[in-house]
Amino acid sequence: MPHNITPVSTFTAPVVAWSDGDAVAESSSDPTIQALTNRTEYLHNIALVQTIVVSANGTTVLTAASTGLQVLTGTSNQTFQLPDETTLEVGRPFTFLNQSTGIMTFKDSGGSTIYSVGPANGGRGTVPITWLSSSNSTANGSWLLFPTKPGQLVATSIADTAAAGSVGELIQQSLLHASALSLTNNTPVDVASITLTPGDWDIRAILQFTSGAATTVFYLGAISLTSATIPAISCIGVPSAGGEVTIESRVDTAAGGPTFGIIVPPIPVQVSTNTSFHLVASATFSGSLLANGWISARRVR
């Protein structure tokens with residue numbers, strides 16, 4: 001049940017210190033206490049006040065004066081544009097609850113879509129989510145998303161993609177069969193490459209060989225940190241600490257044999273700087289042989 005609380009001061013008022021669980025106004029030039037003041041006043045004056053928004057396929061533009069709890073009702077979709085972060089103190093939260101049958105979409109102050117929450121009936125809208133201001137150096141700033149139910153992470157319930165830097169971010173590259181590379185005997189070649197930004201990722205790949213008038217002895221497929229290079233023999237079947245792995249398959253085929261594929265299952269990799277990973281193909285054969293494939297990585301945390 002909402003609580004209407006009369007503000008005792010603005011965010012720039014004298015600081016508030018805690019005394020027996022209540023807020024007490026005091027004067028101080030200490031920046032730590034000043035920050036605590038803003039936070040305390042916010043909790044007392046705004047966080048406990050909710051705003052009911054009836055969805056109408058429109059946009060609700062939030063400001064620093066907006067209440068900390070926004071509840072969406074109705075039967076339509078609605079967009080919420082988060083405040084200009086230069087007007088907020090770092091750590092300012094905004095909590096949202098989708099009780100409508102529509103989709104709740106979030107945009108930063110520049111108008112870029114950053115997240116969506118599905119309807120309450122069957123989506124994730126019944127779980128409140130909180131956006132926390134983590135940087136106020138620019139208008140769009142940086143927002144952190146938090147679930148508000150212990151043990152649960154809020155997931156998307158619509159066909160959208162995770163933003164760069166967010167859990168679930170996908171980086172991928174593929175080479176279609178129509179553009180398959182012509183291989184040279186015992187010569188590794190990059191089929192596709194991706195660059196991962198710092199973080200914890202799962203990387204995987206699929207490699208396909210198509211023989212023409214060729215007799216193939218064995219195929220090699222690898223995820224390598226070095227372009228056009230099959231990793232050391234120690235990486236065959238077992239990923240290295242850096243995420244390199246080689247899958248070797250010996251298949252003796254007659255000239256004009258069938259297409260053959262190699263699948264590299266998810267491999268965990270952690271990188272501290274931008275790091276390139278290459279999907280490398282090689283084979284021992286005579287005649288002609290083509291290779292194409294796909295490599296992808298998903299940010300897991």
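The model is predicted, so local features need pLDDT of at least 70 and side-chain atom pairs count only at pLDDT 80 or more, while totals for chains, interfaces and linings use all residues. Residues are numbered from 1 along each chain as its sequence is written, and side-chain values use heavy atoms, without hydrogens and water.

Next, display β3 (residues 50-54) with β5 (residues 69-73); the two run parallel and are joined by five bridges. Strands here are DSSP runs of E with at least two residues, numbered from the N terminus, and two strands pair if DSSP finds at least two bridges between them.

Move to the open sheet of four strands, ordered β4-β6-β8-β9 with mixed pairing. Its edge strands, β4 (59-61) and β9 (113-117), each pair on one side only. Within this region, β6 (residues 78-81) and β8 (residues 104-107) run parallel and share four bridges, and Q81 stands opposite K107 in β8.

Now select I194, L196, I203, F209, I223, F277 and I295, which touch the most other members of the largest nonpolar core, a set of 29 residues. Such a core comprises buried Ala, Val, Leu, Ile, Met, Phe, Trp, Tyr and Cys residues joined through side-chain atoms within 4.5 Å, where buried means under 20% relative accessible area (1.4 Å probe, protein chains only). Finish with a second, separate core of 16 residues, including V53, L72, F106 and V117.

Notes:
Buried means under 20% relative accessible area, exposed over 50%, partly exposed in between (1.4 Å probe, protein chains only).
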